[in-house]
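Subject: Structure handover

Hello,

Here is the structure you were waiting for. Please open it alongside this email.

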Amino acid sequence: MDVKKRLKSHHDSMDFKVSMIRGPKKTVDFLDENNGISHNKKKSCIYIHVPFCTKICTFCSLTRNLSEPVDDYHKLVIEEIENYSKFDYIKNTVFDAVYFGGGTPTTLKKEYLKDILCALKDNFNFTDDAEFSTETTVTEFEQDKIIMLKNEGLNRLSIGVQTFSDRGRSILGRKGSGDIAYKKIQTLLDQGFRNINIDIIYNYDNQTEAELLQDLNKVYDLDLAGFSLYSLMNMGKFKSNIKRDSNVDKRLFDTIADNSEKEGYHFIELTKMVKRDQYKYIINRHTGQDTLPLGAGAGGNLNSFIIMNKINLDEYRQSISQFSKRKGMLLNAQYMERMRIKGDLQRGIIPQNYSLVKNNKKISRFIATILDKGLASKKDEKIRFTKEGIFWGNNISKEFLDLL
């Protein structure tokens, strides 16, 4: 396995073969024809995309617009919810997780967010302990929104801190100081939000180990439920002439992993360590559950039917009013098995009990190689990534999937 260049994103292993595509199909036809399948869907997910930001961070490459939300955006999402709710496939689906992503979902007015949450609960079925989660920034999370969201059942926050270092925040284009960010999170904890997660970016320009440890110690002091760790990539508008030294990258990763494990955190996926967070949205997706996409630019799947909403607001608005004309892409059954295999790999698990894996000699040799290199270890018939394997996890995932 080539470990000269580290792949840092799970998107690097998403190169599925064209032969898996069966062709386009109307969404309403798929829902009508596959009504019975949803009866076993007990842990499905909903992804709601809010593609608006008041500031574009230098490192960001996500699908979003530098603008205030349009006034009717929440109405479009609600109409989309109501359109889906008419189909038996959706009526018979039980959702276990809702994730507001972006962009910055909390750029929406509090009454608009409340209307969307109410529409979800009025039109869909949820498990008793369903996870309702939103991404936010510290500066976009005002007190009135905090109170409303908590009252409406939001029980998980993902906050884009990136770093508490003021020097680092300047490099990454973050608003406000690290001290303000820390105090805001402490306030959220005091107000009863226990499942708080933050993003940490490491290996930004000339970051020292001391700066990284300061970030980590704030995570531990706050006793956060979990955090995501991302090595900085030259994406978005980020421009730097500084070469990303792979040795520095590995040293900083080890600092995060070793110190955090001592504090009771463990890897739940390649770029996330948790103490209490179940992260239902991503784990359910990794295990092959449906993800219903709502909002402009949202993507998801109902079994092997792939849905990608238009990001252009005018086109998205038209797709709501002409819902019967919407189309998705139908893939063959192998797609879902590949997605579950990829999900295992993202969770640090070497897949073994799949039809595409069993009796595959190339895969068997590859597994033997990564065991021999110390990238994985075997215990009780299960093979999991070691810390070294997690660091190279996206490389392993890509090569594994390429061998299928």
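Below is what was found in it, from the whole chain down to single residues.

**Ground rules**

This is a predicted model: local features need pLDDT of at least 70, side-chain atom pairs count only at pLDDT 80 or more, and totals for chains, interfaces and linings use all residues. Numbering runs from 1 along each chain as its sequence is written, and side-chain values use heavy atoms, with hydrogens and water left out.

**The chain overall**

The secondary structure comes to 15 helices and 17 strands. Helices (H or I, at least four residues) and strands (E, at least two) are DSSP runs, numbered from the N terminus. Of the 404 residues, 56% are buried. Buried means under 20% relative accessible area, exposed means over 50%, and partly exposed is in between (1.4 Å probe, protein chains only). Take the contacts between residues at least 6 apart in sequence: 75% of them join residues at least 24 apart. Contact here means heavy atoms within 4.5 Å.

Helix H2 covers residues 73-85. At 1.5 Å a residue, its 13 residues should span 18 Å, and the end C-alpha atoms are 19 Å apart, which agrees. The expected span is 1.5 Å times one less than the number of residues. H2 is mostly covered, with ten of its 13 residues buried. Among them are Tyr73, His74, Leu76, Val77 and Ile78.

Glu80 sits in H2. How accessible is Glu80, buried or exposed? Its relative accessibility is 0%, so Glu80 counts as buried. Leaving aside neighbours within four places in sequence, Glu80 is in contact with Pro293, Leu294, Gly295, Asn309, Tyr316, Ile320 and Arg326.

**Backbone points to check**

- Gly102 and Gly103 are joined by a cis peptide bond, with omega about 20°. Gly103 is in the loop between strand E5 (94-102) and helix H4 (110-123).
- Asn206 is not a glycine, yet its phi is positive, near 60°. Asn206 lies in the loop between strand E8 (196-202) and helix H8 (209-222). With a relative accessible area of 57%, Asn206 is exposed.
- Tyr279 also has a positive phi, about 50°, without being a glycine. Its loop runs between strand E11 (272-274) and helix H10 (280-286). Tyr279 counts as buried, at 11% relative accessibility.

**Rings and charges**

A search of the whole structure finds 19 aromatic pairs. Rings of Phe, Tyr and Trp (its six-membered ring) pair if their centres lie within 6.5 Å; planes under 30 degrees apart count as stacked, over 60 as edge-to-face and the rest as tilted.

Phe164 is buried, at 7% relative accessible area.

Phe366 and Phe400 make another edge-to-face pair, with centres 6.2 Å apart and planes at 70°. Phe366 belongs to helix H13 (residues 361-372) and Phe400 to helix H15 (residues 393-402), 34 residues apart. Phe366 is buried at 5%, and Phe400 is buried at 0%. Separately, Phe95, Phe124, Phe126 and Phe132 form one aromatic cluster.

Two charges lie over rings. Arg6 is over the face of Phe391, 3.9 Å from the ring centre. The charged end of Lys272 sits over the ring of Tyr279, 5.0 Å from its centre. The test is NZ of Lys or CZ of Arg within 6 Å of the ring centre and within 35 degrees of the ring normal.

**The cavity**

The search finds one cavity of 30 Å³ or more. A cavity is a set of points on a 1 Å grid over the protein atoms alone where a 1.4 Å probe fits but cannot get out; lining residues have an atom within 4 Å of a point. The largest cavity has a volume of about 100 Å³, the space filled by probe spheres set on the points, which are joined across faces, edges and corners. Of its 15 lining residues, the closest to the centre are Arg6, Lys8, Leu270, Thr271 and Asn394. Strand E9 (226-231), helix H14 (387-391) and H15 each give two or more residues to the lining. E9 gives the most, with three.

Best wishes

Technical notes. On a 1 Å grid over the protein atoms alone, a cavity is a set of points where a 1.4 Å probe fits but cannot get out, and a pocket is an open set with protein on both sides within 12 Å along at least five of seven lines; lining residues have an atom within 4 Å of a point.
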